[in-house]
Amino acid sequence: MSELITPELVTLDQDLGGTRETVIRHLAEKVVAAGRATTLEELFADAMARENKTATGVPGGIAIPHCRSAAVTQASLAMARLKPPVDWGAKDGPADIVFFIAAPEGADQEHLQLLAKLARSLIKKDFTASLRSAETPQAIVELVDGALGLGPLPETGQSGTAAASASDSAPAGAGSGTSGATAAGAAAGAAGAAAAGAGGAHRGAHAESAGSEGPAGQRSGGERAGEVHDGGGTATSGEAPASATGTAPGRLVAVTACPTGIAHTYMAADSLAAAAAERGIDLQVETQGSAGSTPLDPEVIRNADAVIFAVDVDVRDKGRFAGKPVVSGPVKRGIDEPGVMIDEALAAAKDPNARKVTGGGGTGGEERGSTGGESFGGQLKRALLTGVSYMIPFVAGGGLLIALGFLLGGYELSLSNDEGVANGDILLDGTSIFSLPPDGLLAYLGAVFWKIGNISLGFLVPALAGYIAYALADRPGIAPGFTAGAVALYMDAGFLGGIAGGLLAGYVAMWVGGWKVPSWLRGLMPVVIIPLIASLIASGLLLLVLGGPIAALTLALNDWLSGLTGVAAIGLGVILGLMMGADLGGPINKVAYAFAVAGLGEGAFDNQAPWQIMAAVMAAGMVPPLGMALATVLDKTQFSMALRENGKAAWVLGAAFISEGAIPFAASDPLRVIPSTMIGGAVAGGICMAAGVTSQAPHGGIFVFFAIGNFFMFVVAILAGMVASALVLVGLKRLTGSKKAEEPVVA
């Protein structure tokens with residue numbers, strides 16, 4: 001038995017009041033009466049709060065209200081078969097089968113995987129038919145346990161279908177491995193089912209898995225499912241065959257996510273994968289749910305023609321998809337209209353003006369591969385880039401606020417008196433908007449902006465460390481990572497200390513999270529045990545052993561950067577510019593950008609080297625799209641119509657420091673485009689460093705002019721790099737013979 005559901009939690013063929021509220025309250029009462037939750041009102045309130053975000057009704061007469069609640073002491077399922085049915089927000093009518101999923105706030109991965117697997121089963125008609133024909137609560141329990149693979153498969157019910165068909169995926173550990181099923185295998189499974197008749201569940205697809213294997217690709221009740229799932233949350237429709245017309249089918253990727261991450265996340269993934277299999281489309285889905293998430297392979301993302309976001313929450317690490325045509329909608333649309341979303345994505349892939357996922361300068365997520373076969377080096381790079389990605393909003397907000405403060409109140413705000421107190425703090429001491437200092441309103445507002453910006457920058461190192469640990473150990477790593485980052489700040493170890501603390505916290509949290517503990521302790525692991533031990537070890541090592549040496553190294557690095565002048569400074573700008581133009585948002589570009597952003601918080605008027613590095617990196621990152629745009633103007637005959645259209649958009653993308661605006665050009669002609677963007681970036685970076693241009697903002701391009709020191713030379717550097725890049729590209733095309741694409745090139 002799964003212990004998720006018992007006969008006492010099942011209600012059959014009753015009128016429960018005719019509204020969602022009365023049904024949810026009845027099921028919550030069942031959970032409390034069974035001793036699985038402490039407080040009815042708290043559980044009911046949490047369930048209704050989730051329900052009010054998005055109705056949980058799905059096609060087929062099913063509703064899956066669910067929530068996480070501190071009132072729940074044991075992960076539970078309560079089920080009701082309603083007479084009469086109740087309107088639950090689904091397009092095809094009211095629901096007569098309701099499963100209420102109640103999960104503790106610290107639910108362990110095993111239970112979350114089972115709950116997610118049940119949600120997947122509920123979109124299969126033979127399983128729901130068996131639920132409708134079951135005569136006793138015990139029969140319902142056996143059907144659910146059979147679907148979850150935790151009990152014996154029940155005998156065929158009156159509907160003539162087997163509930164076992166709902167159990168089409170083999171359990172696997174969260175976050176490890178990916179599974180796939182070929183469309184041909186799905187068809188074979190369908191043929192096998194047809195030959196055997198309607199008397200049971202039939203499996204005919206071969207599942208290929210890096211971390212787990214399981215049966216997939218079945219046909220039941222006339223419905224084909226060409227997808228397969230692992231416990232970590234990746235779904236694929238498989239490698240699609242050529243279409244009937246002989247042309248290659250599209251390749252799509254998708255992300256599904258809902259606020260709770262228990263039910264709709266996985267149902268949307270299944271629906272999209274099944275619809276893709278029916279169309280012969282190669283689709284791979286990343287489910288960002290509570291049962292763990294196995295990120296899509298970066299190579300798969302690069303090869304995809306378009307991306308689908310069926311989400312009710314932010315997509316984690318969205319920057320991985322930067323530049324891809326995108327179709328987005330709520331997670332319920334992925335369940336209700338999967339075929340429509342897939343058709344829209346295929347159309348977007350062919351439309352050069354389609355909406356695309358934005359990103360730039362490394363601001364959006366890292367390349368995140370499957371953790372199952374990830375090398376140590378790849379894991380380390382992913383963690384560092386994740387930390388930088390999540391740190392950037394603190395730096396951006398803080399840097400821009402400080403720049404606005406200087407604009408209003410003057411640079412004297414940061415200068416200190418003989419006691420070491422900054423003028424900005426003096427202006428704020430004992431004053432308010434109703435009691436202004438003698439300097440006046442503008443100076444006072446400047447001091448307010450300056451102070452808020454400094455406080456925001458104070459989170460730079462803790463955020464860097466916290467999200468490095470998060471990338472390694474998921475949510476249990478955040479608290480020890482932030483704590484280690486705060487300790488690094490206290491030790492004056494700077495961003496290097498934050499990196500060390502984040503890595504320590506993340507790896508310790510990973511280690512503790514892998515301990516085998518009794519079932520009664522699992523709920524405490526992510527919220528108490530892991531943060532406690534990881535914080536103690538990581539922060540203790542920084543305080544006792546590592547903090548001092550790292551602080552000394554940080555001081556030496558700052559002194560070295562501050563002392564760079566002349567040829568050395570220009571050389572550094574050239575190197576950073578070459579890196580920014582090398583792969584247009586890829587790993588090399590991100591390393592240069594991360595180096596600049598990580599040191600930005602160390603900048604000051606007596607140490608402007610970090611600000612100069614940031615300016616050089618931003619200018620160099622703006623050049624590639626601007627250079628491509630200019631090239632399409634200088635010689636239109638060298639570019640296809642689609643690339644000329646992309647060139648128009650590249651003007652704005654380049655001005656906003658979105659290097660990915662040059663990707664369509666690099667994809668169509670990398671051997672000539674990449675050298676031209678690297679040369680242009682090197683020119684811009686070298687000029688910026690030579691002229692001492694500074695930037696207190698990590699992003700924004702030309703639109704954060706007020707945060708740029710020596711703005712005139714900043715513009716000169718960008719224009720020089722843009723012209724150099726365009727001339728080199730046009731010259732290379734003419735010299736080597738242009739191979740203008742006949743077909744439109746899709747960004």
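This is a predicted model: local features need pLDDT of at least 70, side-chain atom pairs count only at pLDDT 80 or more; totals for chains, interfaces and linings use all residues.
**Exercise 1.** Classify Tyr 390 by its relative accessibility, and then work out how its ring is arranged against that of Tyr 470.

*Solution.* Tyr 390 has 24% relative accessibility and so counts as partly exposed. With the ring of Tyr 470, the ring of Tyr 390 forms an aromatic pair at 5.8 Å centre to centre, with 85 degrees between the planes. Since planes over 60 degrees apart count as edge-to-face, this pair of Tyr 390 and Tyr 470 is edge-to-face. Tyr 390 belongs to helix H11 and Tyr 470 to helix H14, so their pair ties together parts that are 80 residues apart in sequence.

**Exercise 2.** How many aromatic pairs does the model contain, and what is the arrangement of the pair formed by Tyr 390 and Tyr 467?

*Solution.* The count comes to twelve aromatic pairs. For Tyr 390 and Tyr 467, the centres are 4.3 Å apart and the angle between the planes is 15 degrees, which makes the pair stacked. Because Tyr 390 lies in helix H11 (residues 376–409) and Tyr 467 in helix H14 (residues 460–473), this pair ties together parts that are 77 residues apart in sequence.

**Exercise 3.** Which residues form one aromatic cluster with Tyr 390?

*Solution.* Tyr 467, Tyr 470 and Phe 482 form one aromatic cluster together with Tyr 390.

Technical notes. Residues are numbered from 1 along each chain as its sequence is written. Side-chain values use heavy atoms; hydrogens and water are left out. Rings of Phe, Tyr and Trp (its six-membered ring) pair if their centres lie within 6.5 Å; planes under 30 degrees apart count as stacked, over 60 as edge-to-face and the rest as tilted. Helices (H or I, at least four residues) and strands (E, at least two) are DSSP runs, numbered from the N terminus. Buried means under 20% relative accessible area, exposed over 50%, partly exposed in between (1.4 Å probe, protein chains only).
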